[in-house]
Every structure is written in C-alpha cells, then in structure tokens.
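Morning, everyone. Please bring up the sequence and the model. I'll start with the overall picture and then go through the details.

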Amino acid sequence: VTPDLNNRDIVLCLDVSGSMIDYDAVVLDVFQKLATEFTGERISLVVFNASAITYFPLTADYEYISRQLTRLSGEFDDPSAPYYSGTLIGNGSSLVGDGLASCVVRFDGPETDRSRSVILVTDNFVAGEEIFTLPEAAKLATDRGVRVYGINPGDASSKNYLDNLAVEFETAAVDTGGAYYALDDPGVIPSVVELITPQQASVLPGAPQVQVTEQPQAWLWLALAGLC
C-alpha cells in the first residue's frame with residue numbers, strides 16, 4: 001500500500017541568543033505541542049544566534065522529533081553543549097535577519113508542489129552586523145513561496161519591549177502571507193496550526209509499505225473440506 005502524506009514542510013526557527021535563554025524552555029514546549037497537532041507534515045528545527053545550524057532536518061518521524069526537542073531542552077543548561085559552537089560564527093549575536101534567511105533556504109525539492117512555512121521564534125533584539133535585515137529575509141521568504149509565522153516572547157506586558165522592534169517583526173511576518181503572535185497569547189498554538197493546515201495544494205504519496213494479510217480463497221475452503 002502507498003499511504004497519503006500531507007504536502008507541508010515546516011521549519012521551526014529558534015533564536016538561542018542570550019536574551020532568549022529565559023524563554024527557550026517555554027518555546028520548546030510550544031514546539032512540542034505544535035508537533036502533536038500535525039499529521040504527515042515534515043518538520044525541521046534550526047537554531048541560530050550569530051549563525052544558524054540545523055538541529056534536525058525535515059522529517060515526519062514524530063517520535064524522533066519529540067526526542068530531539070527534549071534533548072535540546074536539556075542542552076540549554078549546559079554551556080558546553082555541542083550546538084552552541086555552531087551558532088557563534090558571525091559578527092554579533094541574535095542576527096535575526098540572517099537566522100530567518102538561513103531557515104528559508106533549508107527547504108529541499110524546490111520543484112515539488114509543497115506548502116512551506118517557517119515558525120520564527122525571536123525577540124528581535126539584534127546586536128551586531130547582519131548580512132540580511134529582517135525585512136530582506138522576509139522578502140527572500142516571499143520570493144521562495146515561504147510563509148513566516150512569528151512568535152515573539154519579548155512582546156509581552158512583563159517585559160520592557162521596544163515597540164518598533166515588535167512592529168518590524170509583525171510586518172515582516174505578515175508581508176510573507178504569514179502571521180504574528182506574542183508568546184503569552186494563549187491562542188498561539190491553535191492559531192498557528194489553523195493557519196498552516198489549509199495550505200495544502202495536493203496530497204503526495206508516501207513510501208510504499210508492505211502489509212501481510214490472510215485472505216482465504218475458495219480453493220482453500222475446498223482443501224479444508226477435503227481434509228476433513
């Protein structure tokens with residue numbers, strides 16, 4: 001049999017800079033809940049600071065995804081964790097535009113008819129020299145048919161957040177056809193799922209799977225009767 005799979009690719013794009021440390025555990029919890037909402041979608045996780053690395057590539061193995069998210073959550077408490085060494089190559093920290101651009105180019109098979117979305121989680125506090133600004137990265141996403149869904153832990157009443165940074169982030173996400181949410185918005189998870197789910201142009205065939213079943217035929221019943 002050849003099962004049908006949803007034709008959606010989703011890259012989870014997580015800012016792991018210093019200003020995000022207090023929020024990363026909460027963000028991963030959001031990611032865990034998002035993963036349980038999807039069926040058949042391929043999901044990838046990219047983490048970035050001054051540079052970006054792929055923590056795991058696009059996959060529909062949700063048990064693997066859950067294990068990797070749990071593993072990363074534990075690594076946040078370890079300053080010598082392997083992923084840190086790959087996120088500090090660059091001129092500054094929290095280079096959000098470069099991080100988003102890196103996530104946008106993580107999609108494979110550009111010739112295939114698939115829905116492509118980036119869920120970008122950052123407070124948009126940039127400290128350094130970017131190659132891509134956030135608006136430029138959003139333009140790259142639009143050119144490649146990628147929608148950006150922004151989740152902003154910094155845009156909350158409990159934090160003294162600069163309004164212009166929130167507006168820039170929201171504008172960049174909306175301009176791609178995506179949406180923007182504050183992390184403390186209780187509707188963030190169902191809202192993101194609701195917006196991404198309808199983006200399905202077609203259903204793609206999955207990998208063939210062999211199924212063994214017993215289907216007695218007439219001659220088998222006759223043989224049984226003859227044996228009796």
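The chain has seven helices and 10 strands. Helices (H or I, at least four residues) and strands (E, at least two) are DSSP runs, numbered from the N terminus. This is a predicted model: local features need pLDDT of at least 70, side-chain atom pairs count only at pLDDT 80 or more, and totals for chains, interfaces and linings use all residues. Residues are numbered from 1 along each chain as its sequence is written, and side-chain values use heavy atoms, with hydrogens and water left out.

How much of the chain is buried? Of its 228 residues, 47% count as buried. Buried means under 20% relative accessible area, exposed over 50%, and partly exposed in between, with a 1.4 Å probe and protein chains only. The chain exposes about 11,500 Å², and carbon and sulfur atoms supply 56% of that. Those areas come from the Shrake-Rupley method with a 1.4 Å probe; for residues, only the protein chains shown count as cover.

Now contacts, meaning heavy atoms within 4.5 Å. Take the contacts with a separation of 6 or more: residues 24 or more positions apart account for 78% of them.

On to the cores. A nonpolar core is a set of buried Ala, Val, Leu, Ile, Met, Phe, Trp, Tyr and Cys residues joined through side-chain atoms within 4.5 Å. The largest one has 36 residues. Leu14, Phe31, Leu34, Leu45, Leu72, Tyr83 and Ile119 have the most contacts inside it. H1 gives the most to this core, with six residues. Look at Phe31. Leave aside neighbours within four places in sequence, and Phe31 still touches Leu12, Cys13, Leu14, Leu45, Leu69, Ile119 and Val121. Apart from that core lies another, of 26 residues, including Ala52, Leu58, Phe107 and Leu134. In soluble globular proteins, nonpolar side chains tend to be buried together.

Next, helix H6, residues 188-196. Which of its residues are buried? Val188, Ile189, Val192, Val193 and Ile196. They cover an arc of only 125 degrees around the axis, so they sit on the same side of H6. That arc is taken over the directions from the helix axis to the C-beta atoms. Among the elements covering these buried residues are E2, H1, E6, strand E8 (146-152) and strand E9 (179-182).

Salt bridges now. By that I mean a side-chain nitrogen of Lys or Arg within 4 Å of a carboxyl oxygen of Asp or Glu. The whole structure has seven.

Arg8 pairs with Glu41, with the closest N and O atoms 2.3 Å apart. Arg8 is in strand E2 (residues 8-15) and Glu41 is in the loop between helix H1 (21-37) and strand E3 (42-48), so the bridge ties together parts 33 residues apart in sequence. Are these two buried or exposed? Arg8 is buried at 4% relative accessibility. Glu41 is buried too, at 2%.

Arg114 is buried, at 16% relative accessible area. Asp9 is buried at 0%. Both residues also belong to a network of salt bridges, linked with Arg42 and Asp108.

An α-helix has 3.6 residues a turn, so residues three or four places apart point the same way. Asp143 is exposed at 52%, and Lys139 is partly exposed at 48%.

Two backbone points. Ser94 is not glycine, yet its phi is positive, near 50 degrees. Ser94 lies in the loop between strand E5 (92-93) and H3, and is buried at 2% relative accessibility. Asn124 also has a positive phi, near 60 degrees. Asn124 sits in the loop between E6 and strand E7 (127-128), and is buried at 1%.

Last stop, helix H7 (residues 218-227), where we find Leu227. Leu227 is exposed, at 71% relative accessible area.
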